[in-house]
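Please consult the sequence and the structure alongside the text.

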Amino acid sequence: MKPAFKSSDLTVAAPKEIYNWRVYILAIVSSMGAFMFGYDLAFIGTAITLKPFIRDFGLKGASAERSDAFAANIVSLLQAGCFFGSLIAAPLGDKLGRRITLMITGVVFCLGSLMQTVSFGSTAAMFVGRAIGGLGVGAASMLVPLYVAEISPPSIRGRLVGIYEMGVQIGTCIGFWINYGVTKHVAATSAQWRVPFAVQLIPGGLLVLGMIFLPESPRWIARFKGRDEAVAALAKLRNLPVDHEYVAEEIYRVIDQIDQERLATHGKGLIAEFREMAMPGNRNRITIGVVIFIFMQMAGSNAINYYSPRIFKSIGLTGSNTGLISTGVYGIVRLITITITMYWIVDRFGRTKLLIVGSALAAVAMYSIGGIVKHNPISATAKPAGVTASGYGAAVMVYVFAVAFCLSWAGVPWIYCSEIFPLRIRSLCVAICTATHWLLNFVIARSVPYMLTNIGYGTYFVFAACMTLAVPFVYFFVPETKGLSLEDMDALFGVPGADRHLFPRIENAEKGDSAVEHKE
């Protein structure tokens with residue numbers, strides 16, 4: 001954990017007005033894109049096992065190979081759409097603005113969701129709908145953290161961007177439970193599987209409608225439309241007059257960074273942005289961002305999600321709904337932990353401390369589960385006589401891992417990678433980090449079942465080793481960003497010639513006040 005300078009040299013104290021309802025409403029509404037992400041990934045696994053779904057799509061009596069291929073395709077097509085959606089969103093977000101692009105994202109997601117809901121047993125329509133929906137989910141996963149980071153006051157940026165991950169976990173939790181609900185309360189007709197698919201339209205529609213009333217990012221406005229419009233947008237967000245010193249200082253820093261970036265770079269277009277990304281101070285940032293998302297996937301959350309029903313069965317939780325209930329409870333634990341972490345902890349203790357503590361705790365949990373499975377193999381089919389000590393210990397470690405993961409790698413990577421990049425290449429860099437997330441998500445989801453079959457307990461040791469390696473990586477190479485403005489990141493990461501964009505003030509000796517040197 002490299003030492004970070006502090007933002008104590010701000011010349012204007014943050015007024016209480018900047019912590020207003022507007023920034024919270026903006027974070028909540030835009031995080032409907034996160035709800036789309038979490039819900040879509042959670043509900044599909046059990047929705048495709050509902051009997052009416054199996055009947056309508058001609059899977060009743062199908063071979064195991066055909067059923068497995070259908071399930072793999074319906075998940076993989078979403079992930080493929082997410083990968084490409086996150087990359088496509090970068091140029092659109094720069095050209096059209098964050099707000100308009102998020103609205104388009106919601107429309108695309110709703111279109112894909114509608115195709116899935118009315119597919120009427122058509123495999124082709126379902127698959128195309130999944131791919132289109134994935135484009136929307138991937139674009140939202142890239143744009144929402146970036147948009148929220150650009151509008152957030154520095155001291156609560158972690159909390160506001162963290163609302164994104166809270167949205168993911170709320171969506172995941174609802175996705176885990178909705179299929180349990182429809183099996184209990186909806187007749188076994190086509191409506192039983194269409195209800196979970198149709199629910200996708202709710203967050204997508206709310207995202208589109210909500211973004212109509214939200215402002216554009218002041219930093220995007222400053223870059224593409226100029227200072228005056230950016231001042232008006234920022235003042236409204238901060239709930240301050242346009243001539244307030246705090247607004248003047250923040251906009252000065254934004255404009256000063258834009259001017260420095262223009263002087264330090266040459267040319268326009270994608271090639272010029274890649275050249276800028278390779279410059280000293282930028283290439284270390286993109287490397288850190290990509291590696292952080294690799295560690296996020298290699299924490300092993302997918303392995304726990306996959307194997308938890310077997311572990312819970314080993315302690316006597318048997319019955320037809322065991323998988324649904326145990327996974328749902330696991331989702332509740334994750335939701336509670338992520339809410340506490342994002343709202344109260346991340347801006348108080350910082351990003352790097354949480355990553356280090358969470359990695360260490362997750363490694364202990366994974367080593368423990370691996371050891372228990374090694375010495376007490378758990379059968380997927382055996383019916384235990386009662387609660388065993390080893391099964392109880394494994395179940396406890398599942399929840400310990402859930403707490404550790406949600407304390408660190410579930411949310412912090414989204415916060416960190418949304419705040420560290422310079423404005424000119426921010427969209428491109430966040431898109432690369434997000435695409436890495438989706439690529440590894442696909443690889444791990446496809447690999448874990450084979451790993452569990454072929455190396456068994458060794459699967460957990462692999463993830464534990466990765467979490468062990470994450471501790472020194474974060475300690476030595478990841479600087480703390482808590483409390484810093486987005487414009488401070490160039491100096492923090494060692495961009496040659498970068499300064500702190502300090503606010504020039506000219507004191508008036510007679511009146512005892514100060515004048516501001518505005519930067520046009």
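**Aromatic residues and helix contacts**

Phe473 and Phe477 lie four residues apart in helix 21 (residues 458-477), which means that about one helical turn separates them. Helices are DSSP runs of H or I with at least four residues, numbered from the N terminus. This is a predicted model, in which local features need pLDDT of at least 70 and side-chain atom pairs count only at pLDDT 80 or more, while totals for chains, interfaces and linings use all residues. Residues are numbered from 1 along each chain as its sequence is written, and side-chain values use heavy atoms, with hydrogens and water left out.

**Aromatic pairs**

- Rings of Phe, Tyr and Trp (its six-membered ring) pair if their centres lie within 6.5 Å; planes under 30 degrees apart count as stacked, over 60 as edge-to-face and the rest as tilted.
- By this rule there are 26 aromatic pairs.
- Phe473 and Phe477 form a tilted pair, with 6.0 Å from centre to centre and 35° between the planes.
- Phe473 is buried, at a relative accessible area of 14%; buried means under 20%, exposed over 50% and partly exposed in between (1.4 Å probe, protein chains only).
- A cluster linked by ring pairs comprises Phe35, Tyr39, Phe43, Phe53, Phe57, Phe70, Phe127, Trp193 and Phe197.

**A charge over a ring**

- The charged end of Arg159 sits over the ring of Tyr343, 4.2 Å from the ring centre.
- The criterion is that NZ of Lys or CZ of Arg is within 6 Å of the ring centre and within 35 degrees of the ring normal.

**Helix 13 against helix 20**

- The axes of helix 13 (residues 270-277) and helix 20 (residues 426-454) come within 10 Å and cross at roughly 75°.
- Helix 13 is therefore roughly perpendicular to helix 20, a class that covers 65 to 115 degrees, whereas angles under 35 count as roughly parallel, over 145 as roughly antiparallel and the rest as oblique.
- Leu270, Glu273, Phe274 and Met277 of helix 13 meet Leu428, Cys429 and Ile432 of helix 20, where contact means heavy atoms within 4.5 Å.

**Positive phi angles in loops**

- Most residues other than glycine have a negative phi.
- Phe120, which is not a glycine, has a positive phi of about 50°; this residue is found in the loop between helix 5 (98-117) and helix 6 (123-151) and is exposed at 60% relative accessibility.
- Asn239 has a positive phi near 60°, lies in the loop between helix 11 (227-238) and helix 12 (245-264), and is partly exposed at 38% relative accessibility.

Conventions
Axes are lines fitted to C-alpha atoms, for helices over the stretch in contact, and angles run from 0 to 180 degrees between N-to-C directions. Helices (H or I, at least four residues) and strands (E, at least two) are DSSP runs, numbered from the N terminus.
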